Amino acid sequence: MKRSLASTALALVLGFSALPLAAKTTPATSWDYLQPDRDQVIASLNVVELLKRHHYNKPPLNDERSIKIYDNYLKLLDPSRSYFMASDIAEFNQWRNQFDDLLKSGNLEPGFAIYRRHLTRLQERLDFALAELAKGVDKIDFSVDEDLQVDREKAPWAKDRAELDDLWRKRVKDEVLRLKIAGKETKDIQELLTKRYKNQLKRLKQTRGEDVFQAYINAFATTYDPHTTYLSPDNAENFDINMSLSLEGIGAVLQSDNEHVKVVRLVPAGPAEKSKQIAPADKIVGVAQGNDEMVDVIGWRLDEVVKLIRGPKGSTVRLEVIPASNPPTDQTSKVVTITREAVKLEEQAAKKKVLHLKQDGRDYKLGVIELPAFYLDFKAFRAGDPNYKSTTRDVKQLIDELRAEKVDGLVIDLRNNGGGSLQEATELTSLFIEQGPTVLVRNADGRVDVLADENKGIYYNGPLAVLVNRLSASASEIFAGAMQDYHRALILGGQTFGKGTVQTIQPLNHGELKLTLAKFYRVSGQSTQHQGVLPDIAYPDVMHTKDIGESALPAAMPWDSIRPAIKPELDPIKPFLTQLQSKHDQRTAQDPDFLFTRASIDLSKQLMAETTVSLNEVKRRAQQAAIEAKQLKLENDRRVAKGEKPLAELAKEDEDALPVEDKGKPEDDAYLSESGHILIDYLSLNPSLAIH
């Protein structure tokens with residue numbers, strides 16, 4: 001396929017007719033050197049053909065797709081509508097319905113032309129910001145009553161340069177005010193922001209044609225789904241080595257979020273997770289090697305930030321982080337020191353606890369198996385080592401140990417489990433069902449492959465609950481979904497992540513294409529995609545589905561269903577769900593941790609609904625103080641209710657402000673303890689479940 005595509009592309013390179021370019025301005029820096037080359041044209045044609053033939057959905061490349069590409073490209077280049085003017089958009093609109101034909105013919109010039117204009121506008125804005133700072137931060141008047149619109153995703157494009165200048169004057173003023181309220185001195189603010197904008201300008205002038213090509217082709221590829229992406233030769237190499245023996249990371253999955261880099265999830269037992277100082281949705285604004293000077297990374301590309309965070313095993317990296325728990329107006333950051341290392345398999349291994357609970361005048365013992373990941377030591381397994389480590393083998397041993405302790409039931413804790421081995425998800429399911437399918441995989445051609453438990457017999461048939469949250473993903477969702485579909489366990493906690501697609505890497509003549517080619521389905525025929533697994537009884541979740549999860553990603557493939565692999569059976573859990581929910585509601589109505597979490601969610605929703613911020617210092621400080629007072633009251637209400645000493649002020653880095661997953665006894669973990677109580681309720685309502 002590549003040979004025929006390459007020959008076609010070569011002819012196109014030699015002879016395509018480009019559309020008229022948009023009228024050019026005369027910038028301080030000429031970007032005319034950024035032109036598509038032959039390898040990029042061939043690669044773009046390869047991508048077009050691969051998506052047409054092998055993408056799971058095989059959607060047509062037509063005018064409708066062209067509009068999506070165009071809108072996606074503008075959003076990628078200018079997500080806050082702070083660079084382009086209405087006149088720029090009017091010029092670009094000539095291509096709005098033509099990107100399908102342009103890509104099919106290998107004509108990359110319009111994509112490059114839009115990017116060159118973006119660089120021109122970006123340089124103008126950075127020059128303007130530096131000029132504003134040069135007037136002196138101390139000269140800015142914060143007594144004026146004016147606001148800045150911070151949510152500009154759907155704002156109208158600026159009608160002229162004067163309107164953009166006013167927007168950027170306010171943006172600079174807002175940055176200064178945020179840092180001022182965070183406690184930085186005027187001199188330090190002047191130095192920090194001047195350095196930030198000069199560094200961005202310097203990096204801007206290092207833009208390569210490869211940067212343009214990757215952005216444009218990704219604007220095209222990600223209209224199919226967020227996991228179908230083009231990797232440039234450099235990024236493909238980084239993807240391949242990922243976390244090798246010599247280059248280690250912090251164990252965090254990151255993504256771009258406008259001008260910031262945001263933490264999506266933490267790798268279980270990884271350095272970031274073990275630090276207990278980084279959480280999903282936190283923003284990384286600075287990176288330093290060891291004791292070196294902190295490098296401000298606001299406005300940097302994701303791949304550049306990742307390169308800074310990586311380094312030799314055993315070395316330290318310092319991260320300046322704005323916690324996700326901060327209100328939108330609060331840019332107070334903290335510095336976290338992390339030692340780079342590989343995630344050790346034994347640290348991700350399943351662990352057991354015994355949960356001691358008193359209910360209805362009786363003492364209960366429940367076994368808890370905490371499962372951070374679905375792991376398998378492939379090397380030892382392939383070598384025939386009889387003692388190879390795997391999730392299922394470890395869980396079987398832990399079940400035996402818990403049986404010996406005469407537990408009344410079992411809770412599988414999958415919170416924050418991002419997945420892992422599909423084989424292990426199937427094997428683990430086999431411990432709890434008699435026999436049958438465990439997961440379905442539907443390919444792009446419509447063929448459905450069935451993974452199944454072929455072994456007869458149930459290893460554990462006692463009362464079972466599975467605890468999940470928004471960061472339970474992939475293999476976790478397959479296992480939890482199977483337990484729900486076989487009516488084998490109560491599913492408790494939060495809606496899971498919702499990633500139900502399968503990707504493969506396809507090498508190109510230039511870079512690689514990560515391509516979605518299959519989809520997971522539960523044995524009930526329901527997809528885990530987008531929707532994830534919905535719990536039987538839901539707990540309040542501090543992670544917003546708007547910020548974290550598959551549904552938070554643009555162009556995420558939808559939920560759907562196919563023919564089920566098992567016949568519907570009488571659900572033994574359903575008749576008791578209303579009573580279980582009622583008992584749960586009564587028990588948690590006054591529970592300090594549940595009350596705290598629900599109130600925190602309500603406050604967070606109120607804050608996130610604010611689309612503007614005041615640039616008046618007195619008003620802004622009063623607003624900040626009011627928010628902090630509310631947060632402090634919530635925390636102290638929780639502490640007093642639990643018999644703990646209240647705080648005089650809310651410490652940003654106080655780990656005790658995290659109520660749900662406490663670091664003490666398992667009984668102190670509010671969500672784990674409540675899961676145990678629900679399982680006891682179920683056992684009381686349905687005594688036939690008791691372990692014999």
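**A close look at one helix and what surrounds it**

Modeller: Let's start at glutamine 623, which is found in helix H19 (helices, H or I with at least four residues, and strands, E with at least two, are DSSP runs numbered from the N terminus). One caution first: this is a predicted model, where local features need pLDDT of at least 70 and side-chain atom pairs count only at pLDDT 80 or more, while totals for chains, interfaces and linings use all residues. Residues are numbered from 1 along each chain as its sequence is written, and side-chain values use heavy atoms, with hydrogens and water left out.

Back to glutamine 623: its relative accessibility comes out at 27%, so the residue counts as partly exposed (buried is under 20% relative accessible area, exposed is over 50%, and partly exposed is in between, with a 1.4 Å probe and protein chains only).

Now for the helix itself. H19 covers residues 617-641, and H18, covering residues 592-608, packs against H19 at an angle of about 170° with the axes 9 Å apart (axes are lines fitted to C-alpha atoms, for helices over the stretch in contact, and angles run from 0 to 180 degrees between N-to-C directions). That is why H18 and H19 come out as roughly antiparallel to each other (under 35 degrees is roughly parallel, over 145 roughly antiparallel, 65 to 115 roughly perpendicular, and the rest oblique).

If you want to colour the contact (heavy atoms within 4.5 Å), pick Pro592, Asp593, Phe596, Ala599, Ser600, Leu603, Gln606 and Leu607 on the H18 side. On the H19 side, pick Ile627, Lys630, Gln631, Leu634, Glu635, Arg638 and Ala641. Sorted by class, the contact of H18 with H19 has eight nonpolar, three polar and four charged residues (Ala, Val, Leu, Ile, Met, Phe, Trp, Tyr, Cys and Pro are nonpolar; Asp, Glu, Lys and Arg are charged; the others, Gly among them, are polar).

Next stop, threonine 612. You'll find it in strand S19, residues 612-614. With a relative accessible area of 33%, threonine 612 is partly exposed. Beyond its neighbours within four places in sequence, threonine 612 is in contact with Asp147, Leu148, Gln149 and Val150. As for arginine 587, 25 residues apart from threonine 612 along the chain, the two C-alpha atoms are separated by 39 Å.

Leaving out residues up to four places away in sequence, serine 673 touches Leu355, Leu357 and Glu667. Leucine 126 is another matter: 547 residues separate it from serine 673 in sequence, and the C-alpha to C-alpha distance is 53 Å.

A few other spots round out the tour. Proline 226 is in the loop between helix H9 (209-221) and strand S2 (229-231), and at 18% relative accessibility proline 226 counts as buried. Setting aside neighbours within four places in sequence, proline 226 is in contact with Glu550, Leu553, Pro554, Ala555 and Ala556. The C-alpha atoms of proline 226 and leucine 570 are separated by 38 Å, with the pair 344 residues apart along the chain.

Histidine 118 sits in helix H6 (residues 109-134), and with a relative accessible area of 7% histidine 118 is buried. Apart from neighbours within four places in sequence, histidine 118 is in contact with Leu77, Tyr83 and Phe84.

Last, some backbone angles to check. Histidine 530 has phi near 70°, a positive value in a residue other than glycine. That histidine 530 lies in the loop between strand S17 (512-521) and strand S18 (537-538), and is partly exposed at a relative accessible area of 27%. Serine 474 also has a positive phi without being glycine, here near 55°, and is found in the loop between strand S14 (464-468) and H16.
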